[in-house]
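Please look over the fold and the ligand site of this protein. A short report follows.

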Amino acid sequence: PDRLDALKPLLNQVRGRVAAERELNSVPAKDQPLQPGFINLPQQLLDGFRRKQDASDLGKVLRVANRLKENVDRVVVLGIGGSYLGAKALFDALCHAHHNEMPAKLRMGKPRVYFEGNALDNDALQELLELLENTCVDPDIAEERWGVVVVSKSGGTIETAAAFRALRAEAQKYYGPKDPILKQVVVPVTGPKGKLRDLCKADGYADDDILTIPDDVGGRFSVFTPVGLLPAAVMGLDVRALLLGAATMTKRFLEEPAEKNPVLQFAAVNYLLAEENKKTTRVMACWSKKLEAIGWWYDQLLSESLGKFGRGPTPLTAVYSRDLHSRGQQHQDGARDKTINNLVVRTPKHPPVQVGMADRNEDDLNQFSRKGYPDLLDAALKGTNEAYADAARPSADIVLPALSEHTVGQLMQMLMLATVVEGRLMGINPYGQPGVEAYKANMTRHLKAVPNLPKGEVRDQTKGV
Ligand code: PA5
């Protein structure tokens with residue numbers, strides 16, 4: 001507490017700086033990039049919708065999502081990094097754990113959702129194409145129609161572009177290359193300029209058929225732009241509740257005193273432990289399998305924002321209690337370089353599964369017969385925190401009262417704001433990711449060095465194995 005208190009003046013100064021940056025013109029990701037657009041965006045989208053309904057930016061997202069939902073039973077979301085992880089986090093956290101396996105009636109008109117373009121995995125892509133080819137044979141039947149949401153802010157990311165090339169060709173084969181339905185079921189989400197926009201315009205898309213990612217919002221801060229909102233609306237999530245949660249968090253960040261301010265508290269505790277106590281590994285211990293992808297999303301947010309100039313904490317996502325049986329030993333007894341942030345949902349959505357009485361008690365569980373799964377989880381959390389405290393291993397709890405669009409909206413906005421604050425505390429610009437460019441340039445060079453085969457021939461990668 002003393003150290004937190006001592007940090008308060010600096011925290012308030014940084015908050016003032018981050019707030020003031022909202023008024024500055026954004027600078028694209030090159031020299032000292034500045035992309036604070038995500039801070040006000042949730043409230044702006046809600047205000048626009050209140051005023052202009054269908055004609056607003058949010059209205060357009062909802063309209064396109066409804067059109068997709070009505071037209072198709074499967075949607076493939078293509079994108080990588082900030083153009084993938086937010087939508088994946090929302091899908092895992094807020095949709096049914098077995099959404100894609102559920103019969104259409106139980107999904108209540110919500111399409112199945114797949115993610116691709118997020119790696120260069122030949123076999124995963126082939127197997128997705130195989131799934132589409134084998135389950136979707138008649139485009140005249142609504143249940144057999146499928147669509148694509150392709151997301152790339154720059155429009156030049158090779159993982160996404162190559163996957164889109166494959167899916168675009170597959171869609172043209174399935175629906176017919178000139179069928180007007182293609183523009184209804186293949187939806188681009190991209191920045192104001194770039195190769196993806198050019199490609200879609202050449203395909204006959206009007207500007208209005210393309211959803212735009214604002215220039216002043218960086219990729220990993222874009223979950224509350226069409227990047228995350230369109231897939232969320234297609235999944236049937238309440239996007240206004242998500243935005244309301246995010247807008248509420250921005251307001252708390254701007255207005256609440258440091259000691260009650262979740263953004264400043266989270267940033268300060270993690271900053272002090274990382275910078276002063278050399279806790280260089282930051283574990284997001286998710287106490288629900290449904291939160292794991294939020295952990296992955298935070299991995300990217302932290303890595304690309306603060307991993308610069310030989311500095312920045314290393315994020316690590318774990319699911320507890322699952323990973324207490326794998327990483328637990330190391331977190332408890334290994335190198336003293338970790339901060340554990342527990343991410344906990346207080347009340348589950350469904351009634352508790354009870355341990356119950358059984359006819360045989362060889363497993364010795366009858367003593368807990370009146371306990372439910374939430375009791376087991378709570379005991380595991382308390383026991384783990386206690387063990388960490390006894391061994392002087394720092395842990396903190398982020399408690400969501402329930403898992404809902406509103407709480408997830410708050411959480412994601414809190415983590416984005418806290419990352420920006422932490423960067424400013426460290427003297428690191430949290431925007432931009434110059435380090436990612438090196439591999440891209442090398443990759444293009446290597447690709448150009450691979451000799452082309454004669455037209456029509458395909459390289460057999462298995463030769464010589
Ligand atoms: O945070 C970022 O900006 C990156 O992780 C990008 O989201 C990622 O590289 C994908 O870029 P794009 O949307 O331009 O395809």
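## The five-strand sheet

In what order do the five strands of the open sheet run? The order is E2-E1-E3-E4-E5, and the pairing is parallel. This comes from a predicted model.

Two strands sit at the edges: E2 (112-116) and E5 (211-212). Each of these pairs on one side only. Further in, strand E1 (residues 74-78) pairs with strand E3 (residues 146-152). The two run in the parallel sense over five bridges.

## The four-strand sheet

Another open sheet has four strands, in the order E7-E6-E8-E9. Its pairing is parallel.

Strand E6 (residues 281-286) pairs with E7 over six bridges, in the parallel sense. Valine 283 stands opposite leucine 316 in E7. Helix H13 (residues 292-306) packs on the sheet and touches E6 and E7. The direction of H13 makes about 180 degrees with that of E7.

## The ligand shell

Which residues come nearest to the ligand? They are Gly81, Gly82, Ser154, Thr157 and Gly219, out of 14 residues around the ligand.

How does the shell divide by residue type? One residue is nonpolar, 10 are polar and three are charged.

Notes: Residues are numbered from 1 along each chain as its sequence is written. This is a predicted model: local features need pLDDT of at least 70, side-chain atom pairs count only at pLDDT 80 or more; totals for chains, interfaces and linings use all residues. A residue is near a molecule or strand if its C-beta atom, placed from the backbone, lies within 6 Å of it. Ala, Val, Leu, Ile, Met, Phe, Trp, Tyr, Cys and Pro count as nonpolar, Asp, Glu, Lys and Arg as charged, and the others, Gly among them, as polar. Two strands pair if DSSP finds at least two bridges between them. Two residues are in contact if their C-beta atoms, placed from the backbone, lie within 7 Å. Axes are lines fitted to C-alpha atoms, for helices over the stretch in contact, and angles run from 0 to 180 degrees between N-to-C directions.
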